Amino acid sequence: MSYRHLDRLSSERTEPECEPCLSAAAAAAAISHRTRELAITYGIGARLHHGERHWDDIREELARGWDRLRGNDRVPWQNVEGDVEGAWRLVLAD
């Protein structure tokens, strides 16, 4: 099945669109490359610093850290949390 065919099928959904999902996707697409790179670096550093702690245990702490780290970009935590968590989960702590 071609990708074009899959795109056509996915656009023919009968269920109503999820407004929060669409706005989250739009926000994620609007993030600059520099900000996404910063978020990924932050996630890697968080894993190396926090080791084997669970994501749920450090999530709020990382959100506060992001508010300090983000500088002039002003991209909120909600828009980069997925990138930070993804990078955090990819790194295996020693």
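Contact here means heavy atoms within 4.5 Å, and every view below comes from a predicted model.

View 1. The chain runs to 94 residues, and 28% of them count as buried. Take the contacts between residues at least 6 apart in sequence: 65% of those join residues at least 24 apart.

**View 2. How α4 and α5 cross.** Here we zoom in on α4 (residues 55–69) and α5 (residues 77–90), whose axes come within 11 Å. They cross at roughly 130 degrees, which means α4 is oblique to α5. As for handedness, the crossing of α4 and α5 is right-handed.

**View 3. Side by side at the α4 and α5 contact.** From α4 come Trp 55, Ile 58, Arg 59, Leu 62, Ala 63 and Trp 66. They meet a set from α5: Trp 77, Val 80, Glu 81, Val 84, Glu 85, Trp 88 and Arg 89. Sorted by class, that contact of α4 with α5 has nine nonpolar and four charged residues, with no polar ones.

**View 4. α5 and what covers it.** This helix has 14 residues and reaches 19 Å from its first C-alpha to its last, close to the 20 Å expected at 1.5 Å a residue. Its buried residues are Trp 77, Val 80, Glu 81, Asp 83, Val 84, Ala 87 and Trp 88. The cover over these buried residues of α5 includes α3 (33–50) and α4.

Notes. Residues are numbered from 1 along each chain as its sequence is written. This is a predicted model: local features need pLDDT of at least 70, side-chain atom pairs count only at pLDDT 80 or more; totals for chains, interfaces and linings use all residues. Side-chain values use heavy atoms; hydrogens and water are left out. Axes are lines fitted to C-alpha atoms, for helices over the stretch in contact, and angles run from 0 to 180 degrees between N-to-C directions. Helices (H or I, at least four residues) and strands (E, at least two) are DSSP runs, numbered from the N terminus. Angles under 35 degrees count as roughly parallel, over 145 as roughly antiparallel, 65 to 115 as roughly perpendicular and the rest as oblique. A crossing is left-handed if the near helix is turned anticlockwise from the far one by less than a right angle, and right-handed if clockwise. Ala, Val, Leu, Ile, Met, Phe, Trp, Tyr, Cys and Pro count as nonpolar, Asp, Glu, Lys and Arg as charged, and the others, Gly among them, as polar. The expected span of a helix is 1.5 Å times one less than its number of residues. Buried means under 20% relative accessible area, exposed over 50%, partly exposed in between (1.4 Å probe, protein chains only).
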